[in-house]
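Keep the sequence and the 3D view open, and try each task before you read its solution.

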Amino acid sequence: KAVALRELAARHGAELADCVAIGDGANDLDMIDAAGLGIAFNAKPVVAARADASVTGRLDAALALMGLAAPA
């Protein structure tokens, strides 16, 4: 997943620091670490501890962490 994030960022001319990654399990840790903002969603404790932020319940709650409003 981290490889895919890096490839997508490069393809779109984006810096990894400007990327957001959201995951829930240990297989997402490299991706979360690589992104400028790593968000744990309904995540295992090890993932929540490593992520920059953690969201439970609704995924659209992550929008506020990016300075965006959830759709009405």
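**Exercise 1. Work out what share of the chain is buried, and how its overall dimensions compare with a globule.**

Step 1. Buried residues make up 32% of the 72 residues in the chain, where buried means under 20% relative accessible area, exposed over 50%, and partly exposed in between (1.4 Å probe, protein chains only).

Step 2. This is a predicted model, in which local features need pLDDT of at least 70 and side-chain atom pairs count only at pLDDT 80 or more, while totals for chains, interfaces and linings use all residues. Residues are numbered from 1 along each chain as its sequence is written, and side-chain values use heavy atoms, with hydrogens and water left out.

Step 3. For 72 residues, a compact globule would have a radius of gyration near 11 Å, and the chain agrees with its 12 Å. That radius is taken over C-alpha atoms, and the globule rule is 2.2 Å times the number of residues to the power 0.38. Along the principal axes, the C-alpha atoms fill a box of roughly 30 × 30 × 15 Å.

**Exercise 2. Trace the secondary structure and describe the sheet.**

Step 1. Count the elements: there are four helices and three strands, following the pattern α-β-α-β-α-β-α along the sequence. Helices (H or I, at least four residues) and strands (E, at least two) are DSSP runs, numbered from the N terminus.

Step 2. Look at one pairing. Strand 2 (residues 37-41) pairs with strand 3 in the parallel sense over three bridges, and Ala40 stands opposite Ser54 in strand 3.

**Exercise 3. Find the salt bridges and say how accessible each partner is.**

Step 1. There are three salt bridges in the structure, each being a side-chain nitrogen of Lys or Arg within 4 Å of a carboxyl oxygen of Asp or Glu.

Step 2. Lys1 pairs with Asp28, with the closest N and O atoms 2.7 Å apart. Lys1 lies in the segment before helix 1 (2-11) and Asp28 in the loop between strand 1 and helix 2 (29-34), so the pair ties together parts that are 27 residues apart in sequence. Lys1 is exposed at 52% relative accessibility, whereas Asp28 is buried at 3%.

Step 3. Arg50 pairs with Asp33, the closest N and O atoms being 2.4 Å apart. This pair links helix 3 (residues 45-50), which holds Arg50, to helix 2, which holds Asp33, 17 residues apart. Arg50 is partly exposed at 42%, and Asp33 is partly exposed at 42%.

Step 4. Arg58 pairs with Asp60, with 2.5 Å between the closest N and O atoms. Arg58 counts as exposed at 58%, while Asp60 is partly exposed at 23%.

Technical notes:
Two strands pair if DSSP finds at least two bridges between them.
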